[in-house]
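Subject: Structure for your files

Hello,

Here is the structure you will be working with. Notes on what was found in it follow below.

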Protein chains: 2
Amino acid sequence: MFEYKVIKECSKTKARVGVLSTPHGEIRTPVFMPVGTQATVKGVLPESLKEIGAQIILSNTYHLYLRPGMDIVRKAGGLHKFMNWDRPILTDSGGYQVFSLSDRRKISEEGVEFSSHIDGSKHIFTPEKAVEIQNALGSDIIMALDECIAYPADYEYAKKSTERTLRWAKRCKEAHQNTEKQALFGIVQGGMHADLRIECAKRLVEMDFVGYALGGLSVGEPKELLYEMIAATEPYLPKEKPRYLMGVGSLDCLLQGTVGGIDMFDCVMQTRMARNGAAFAKGQRIHLRNAQYSEDFSPIDDECNCYVCQNYTKAYLRHLVKANEILASMLISYHNIYYTIQLMEGLRQAILEERTLEYVDKYFCLTNAIK
Amino acid sequence: MFEYKVIKECSKTKARVGVLSTPHGEIRTPVFMPVGTQATVKGVLPESLKEIGAQIILSNTYHLYLRPGMDIVRKAGGLHKFMNWDRPILTDSGGYQVFSLSDRRKISEEGVEFSSHIDGSKHIFTPEKAVEIQNALGSDIIMALDECIAYPADYEYAKKSTERTLRWAKRCKEAHQNTEKQALFGIVQGGMHADLRIECAKRLVEMDFVGYALGGLSVGEPKELLYEMIAATEPYLPKEKPRYLMGVGSLDCLLQGTVGGIDMFDCVMQTRMARNGAAFAKGQRIHLRNAQYSEDFSPIDDECNCYVCQNYTKAYLRHLVKANEILASMLISYHNIYYTIQLMEGLRQAILEERTLEYVDKYFCLTNAIK
């Protein structure tokens, strides 16, 4: 289980095509994972996700731990059964959410204490606890607990934090027993300091994880810095293991990340944009609320083959957005996820056919507006 | 077009089974029509509505006139095409919404002036305008403009208002030219005064509409009074024409109304309840937010065959409701509409098989909680 086969390496870039085996099916990489924070991809039925071609979704340990709680998900028979999704699931460790959502957090060697953003109740995540919760959830891929370093952070703090993240990674690996059914990924931290990231990557690789993630990126830094960190770290990650860039999913970053050697991505942008009435079209982001679409009876993107573009016009979607109708979020989320997955499918095909750079160039010249 | 065939009359009650032909297909009665106020049944895809078995939906002239406006719907090719629904649509005249939603309305012989609940802008609905808008929308069944009399109302006002509604009905009939593609229904008013309702029904029947609606009911009166008004009016409505009880759709009222000789019903309750986390189960209304469902891994109703009951537990739905997730509204709306349509399908079958009263009795003893 969890074998990762690299099928093709691009001869001109670091891009690769692969297949990761999991207990709930194979994942063809590079792959975009829609996010189902609270055990639902907001506004999209599981059947629709399958129709769209979603191979794996991500869900959040932090959120599910607080609500409904791991006992309920365990009693339900695990997260797959609870939410009616029989394809692979990846859960993060909660590290990022503790640092971005909770109040009054206090970090120590033991773990991180925090107050719930829902009711203020006090909790502690230790590496062992993060693994225990994810074991209860039963996700196919689980993540080690890490500290997401704020940007900017001084070198000394970043170094100290990264050392602790490494010790936590080791504790997670020791705590994780269910290795047949759940793969544990380590997370490379190090702030925006290339040497710290390299050191972190090397030491995680020594511990031998099933896959390696790049965490603590896309936290406010310029994109150039994000790309630099990928480029610095990539040579130290084993080619035969999957690499996952956490929380990154704008169209340009998906392309650039793949070219930089990343295999897996997730982002809430696709559904969050949708709830704000914004959709992907021709590599751009368009705002359906705008008056220019009031009598535009063409689809969001006339080259898109999705259910939404086959059946609905921008004028109708604009009406739904303006009227604050649930269907607006439903339809635009569907389209945005489809659009992103199609971008990645096309990229995968391009890598297989040695057209990687042509494909990326086409989109980069289209996507100035969403960089 | 618009032929109404009564297939079976119950020998013990006034219930009937029929088929109404429209340009977008046949409607088997008795029928429950889900409401798509703003050109969408809140939280439910058109494909899901078909899967559920919805034969016809209702949409609102008042809302669509204000937003997106009739010109946009006309340019889109009509409401069916605009909203991706190819089965029959009924639109109301806007009369009820003007009286329940708008501000500063002023009624005169000419029509009703009102201010938009969206932006305060001033408008006037005349009988001719209500027909013109519905002609632009292209709905299969359109309704005459009426005044919905508040409850309680004194006899003199109800009489004066009902006379005006009759004059408006005549003007609507004269204004409606597109009779091949759109059927105009008259609306019986008269407050809670049986003699006024009888007089109104008689005079509408003289004008010869395609169908007849009972309006101004379920406006705060006791249910006994609602049933009395149906019983008083029914004998004066021609048996060979469809009868429509507007805005009524609780389970007991659907059964009682059908037994009283009504063929068509609509209600927002099914989707509104869903958005508040309430679902139909065993003829009752259950509140999924309640703690008792936190570890209840059974479906909403274990006798229900809908997609939701086949795939989701109360514990999961409770989680979605508590987490304020869009999917909660989507799934519970689906179930509530399915449940209601199944109730009516079962009732139709019972009428055909001379089991009407047994069927109704079974549900009435179940539905005390939702009367």
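In chain A, 27 residues of domain 1 are in contact with 23 residues of domain 2 (contact: C-beta atoms, placed from the backbone, within 7 Å). Domain 1 of chain A covers 4–267 and domain 2 covers 272–361, with bounds from an automatic or database domain assignment. On the domain 1 side, H10(A) gives the largest share, five residues. By class, that side has 14 nonpolar, seven polar and six charged residues (nonpolar: Ala, Val, Leu, Ile, Met, Phe, Trp, Tyr, Cys and Pro; charged: Asp, Glu, Lys and Arg; polar: the others, Gly among them).

This is a predicted model: local features need pLDDT of at least 70, side-chain atom pairs count only at pLDDT 80 or more, and totals for chains, interfaces and linings use all residues. Residues are numbered from 1 along each chain as its sequence is written, while chains are lettered from A and ligands numbered from 1 in the order in which they are written.

Helices (H or I, at least four residues) and strands (E, at least two) are DSSP runs, numbered from the N terminus. Chain B has an open sheet of eight strands, in the order E4-E14-E13-E12-E11-E10-E6-E5, with parallel pairing (pairing: at least two bridges found by DSSP between two strands). Strands E4 (31–34) and E5 (57–60) of chain B are at the edges with a single partner strand each, so one side of each has no neighbour in the sheet. Within the sheet, three bridges join E10 (141–143) of chain B to E11 (183–188) of chain B, and B:Met143 stands opposite B:Phe185.

Regards

Note on methods. Contact = placed C-beta atoms within 7 Å.
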